[in-house]
Amino acid sequence: MIRRVPFTGDEKQSLHTSLDRHRDVVLWKLEGLDDEQVRRPMTPSGTSLLGLVKHLACVEYGWFCDTFGREAEPLWFDPFENEDMTIAPDETTAAIVDFYRRARAAADRTVRELPLDALGTSWNGNEVSLRWVLIHMLEDTVRHAGHMDILRELIDGATGDFPGPP
């Protein structure tokens, strides 16, 4: 099912649905590829499809959970050392996808339970609203989904938001 932002939805519903739509795109970019393909570094900096998913899971927990003092699972890597963008040999595709799904579910609980004007303190000490975090995560997810679109095209030629005719 392809999510669509409601034409007459309220602000929170519209922002959340748009984020969900692009989260779905992120997962679709992995479909049909084998473990080597999703792990393959595709840029000089080492960016891979699976590394981007790991990064997005990490920032979902950080922005939606840590910022608002909500429960987040402990990380087994150091995001401040860029370890959120790299895949260790013992990290499986299934484990990273599950990590992303858990982060997404935790973030969704925050969105459901708090008003858009709820304030939290980000990792860098800034006071931010849930509205700002939704917009920031939408921007970050869309940006990385675009990166993933290019990487996927280089791997097997697939492009676009979802499978279907070009």
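Is C65 buried or exposed, and what is its relative accessible area? Let's work up to that one in Exercise 1.

Before you start: this is a predicted model, so local features need pLDDT of at least 70 and side-chain atom pairs count only at pLDDT 80 or more, while totals for chains, interfaces and linings use all residues. Residues are numbered from 1 along each chain as its sequence is written, and side-chain values use heavy atoms, with hydrogens and water left out.

**Exercise 1. Sort out the cysteines C58 and C65.**

Step 1: Buried means under 20% relative accessible area, exposed over 50%, and partly exposed in between (1.4 Å probe, protein chains only).

Step 2: apply them. C65 has a relative accessible area of 1%, so it is buried. C58 is at 7% relative accessibility and therefore counts as buried too.

Step 3: check for a bond. A disulfide is a pair of cysteine sulfur atoms within 2.5 Å. The closest cysteine sulfur to that of C58 is in C65, 11 Å away, which is too far for a bond. The structure ends up with zero disulfides.

**Exercise 2. Describe the fold and the overall dimensions of the chain.**

Step 1: count the elements. Helices (H or I, at least four residues) and strands (E, at least two) are DSSP runs, numbered from the N terminus. The chain has five helices and two strands, and they follow one another as α-α-α-α-β-β-α.

Step 2: For 166 residues a compact globule would come out near 15 Å; the chain has 16 Å, which agrees. Its C-alpha atoms fill a box of roughly 45 × 40 × 25 Å along the principal axes.

Step 3: look at burial and contacts. Of the 166 residues, 48% count as buried. Take contact to mean heavy atoms within 4.5 Å. Among contacts between residues at least 6 apart in sequence, 70% join residues at least 24 apart.

**Exercise 3. Find the largest nonpolar core and the residues with the most contacts inside it.**

Step 1: define it. A nonpolar core is a set of buried Ala, Val, Leu, Ile, Met, Phe, Trp, Tyr and Cys residues joined through side-chain atoms within 4.5 Å.

Step 2: Helices α1 (11-28), α3 (49-66), α4 (93-113) and α5 (130-156) each supply at least two of its residues, with α3 giving the most, at twelve.

Step 3: zoom in on F64. This residue lies in helix α3 and is buried, with a relative accessible area of 0%. Leaving out residues up to four places away in sequence, its contacts include L19, R23, A107, L134 and M137. F64 and A103 are 39 residues apart in sequence, yet their C-alpha atoms are 9.0 Å apart in space.

Step 4: do likewise for L30. With the neighbors up to four places away not counted, L30 touches V38, L49, L50, V53, V97, M148 and R152.

**Exercise 4. Check the spans of α4 and α5.**

Step 1: set up the rule. The expected span of a helix is 1.5 Å times one less than its number of residues.

**Exercise 5. Find a positive phi at N82 and at G157.**

Step 1: recall the background. Most residues other than glycine have a negative phi.

Step 2: inspect N82. This residue has a positive phi of about 65° although it is not a glycine. N82 sits in the loop between α3 and α4 and, at 46% relative accessibility, counts as partly exposed.

Step 3: inspect G157. Just after α5, G157 takes a positive phi of about 85°.

Conventions:
The radius of gyration is taken over C-alpha atoms; the globule rule is 2.2 Å times the number of residues to the power 0.38.
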